Amino acid sequence: MSEIIEKRIGRYETLLKEMWTASSKYLGTFSVNLLVERVVWEVSLEYKEIELLQYDQNGISCAKMAARLEENPDLPVEDMFMKFITRYVEILARLLGYERAEEIKKKLDEEFAGDLSASREE
Amino acid sequence: MHTNLLLSVPVRYWQDFQDTLARATNANIYIFDANGAPFSRFSLPAELCQEVNKGRELRNEKCIDFYKLACGSLEEKDMLTCPYGLKLCAYRLGSYAQRIGYLMVAPSRHTTLGEREEEIAFITKAHNIYRTINEVFSAILEKNLLGLRRLELNSIYEISRLMTSIVELDRVLELITNSLIIIYQADLCFVGLREGDKIRVAQGKGVNGSQLIGKEWPLVHPLIERIFSKVEPSSLSIEELRVLPGFTGTEAAPGTEIMVYPLWTALGIVGLLGIAAPVSLGDNGSKNLQIYINFATVALANATLIRRLEREAETDYLTGFLNRRVLRDVLAAELQRAARYGYHLSVIFLDIDDFKAYNDTFGHLAGDVVLQKTAELIKNSIRTTDIACRYGGEEFIIILPGTKGGDAAKVAERIRKSIETYPFPHRRITASLGVAQAKKNDSVDSLLARADQACYQAKERGKNHLCLDPS
């Protein structure tokens, strides 16, 4: 796997794992799993590749997605993940209340804004 | 998200397909959603439209109003003329049961379709385009519907599995509300549980959901009576719900469907469950939701029953205080906490003087009244953080976390005085109290033994006294 692709996917994987951990603290792993399944289904109507996201009670992984990106580097990964994250946070806000969801979003923004911008520049 | 949840079609992919079809048939195609709002763009640049709208998008208010009005009044299909004289064929997309949107087919060039033959040829072409597009949309709809059903069934399977293994009421409530909000994109979901002659909201999530928690609705309230008058769910408007405490000022987006399910088991009413979803679930969706609700009802009934049994097992029926069974566990936990955080802990041992004689003289019912009133006097004399237990027949233990022996003695004296001065029926009642402060390495038994010993000394001093353990 090329280093750039590995890095590109790696950042999103870290972001999703952070989201997973932060949400499961409040919702429990069952609800988070269901939430991911729901958002994957919705995003898959536009981006089939999101189905390559692997998730279970133990967490989330982008390994298969990275392999697909290796074959098709034109995959609109940024758009796909942004849509995923936006929908995820929208539903999360209904479950936790907007204030707590905003807290999680803000924390993720602070931690990953730099990395995400960098990934877009590459 | 479209109003129709299931018609989630990425416009950019759709536009490619539509444009290819338009080029192949040499006709212009334009699609509106179920509300008459533009979904896709004109596939080919109609000369007149380009002139009017300066591009391919509909920007002219006159055009937008015309199409919105045309979509609103279209029954199945019609031949229309736009405000600029462009003739077009309009079709309603979807089935009789479910409206998806509207299709407009116009000639690729500006023509008034003056010739009869020309018009017939165009109508035939437009109809073929309609059939193709309607088939594609139906297939997409079917596929999306299957995806949603799969999600629902997976969730029902998982939840049924989990609900047979979870008995904690809070977790069951959390699971139910979370799952419904996630699967159905519900704006609001709430669960009310029956407590005697009322429904008390135990969980609420989504818009204003937390405001509902703790609200009580009497079973005799006309709206609640209406909900429980049948087994099927009630479809209610937000205006109807506003008569219930907690819903005042709550708004709902247009088109929101609010369903309230009465939760029944063979033993009677368990509670109710409300869900406000932005779209109609349809027949199959409603059936799946009903299956889910049935599982949820059984899980809630089990969890409620177990919680009640647990509470009853811990509580003294007569006084409402903790009973002797849980006293040891509670005191052990408090001793551990006091040792870990280094704060004081004291215990009061209270024994009602000559209670046996009172019981023998005035009867057990009169004795029960004394016990209940004494418990009330104790409760009124201690803090909410203090823990009162009924230890035996006429013996009470009061645990005072964060309190030194001297301060506990002041509390004990307050209790003693309040009992002494209270006008009990038949005769005056007094109590003897022993106070002990926990020492390092004290066990439950050693601490209780010292408090008991102090109480015994108070009795020795002629009753209606209190003694502080000197050690």
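Which residue in β4(B) is the bridge partner of B:Y91? The structure is a predicted model, in which local features need pLDDT of at least 70 and side-chain atom pairs count only at pLDDT 80 or more, whereas totals for chains, interfaces and linings use all residues; side-chain values use heavy atoms, with hydrogens and water left out. Residues are numbered from 1 along each chain as its sequence is written, and chains are lettered from A and ligands numbered from 1 in the order in which they are written. The residue in question is B:L103.

Helices (H or I, at least four residues) and strands (E, at least two) are DSSP runs, numbered from the N terminus. Two strands are taken to pair if DSSP finds at least two bridges between them. In chain B, strand β3 spans residues 87-94 and strand β4 residues 99-107; the two pair in the antiparallel sense over 6 bridges. β3(B) also pairs with strand β2 (residues 77-81) of chain B, again in the antiparallel sense, over 5 bridges. Here B:K87 in β3(B) is the bridge partner of B:T81. The hairpin of β2(B) and β3(B) has 5 residues between the strands, and B:G85 adopts a positive phi near 90° there. Of the 8 residues of β3(B), 7 are buried (under 20% relative accessible area, with exposed over 50% and partly exposed in between; 1.4 Å probe, protein chains only).

Chain B as a whole contains 14 helices and 15 strands, and 50% of its 471 residues count as buried. Chain A has 5 helices and 2 strands, arranged along the sequence as α-α-β-β-α-α-α. Of the 122 residues of chain A, 52% count as buried. With contact defined as heavy atoms within 4.5 Å, residues 24 or more positions apart account for 72% of the chain A contacts with a separation of 6 or more.

Between the chains, the axes of helix α2 (residues 29-44) of chain A and helix α5 (residues 169-184) of chain B come within 9 Å and cross at roughly 5°. Axes are lines fitted to C-alpha atoms, for helices over the stretch in contact, with angles from 0 to 180 degrees between N-to-C directions. The helices α2(A) and α5(B) are therefore roughly parallel to each other (angles under 35 degrees). A:F30, A:S31, A:L34, A:L35 and A:R38 in α2(A) meet B:L175, B:N178, B:S179, B:I182 and B:I183 in α5(B).

Technical notes. Angles under 35 degrees count as roughly parallel, over 145 as roughly antiparallel, 65 to 115 as roughly perpendicular and the rest as oblique.
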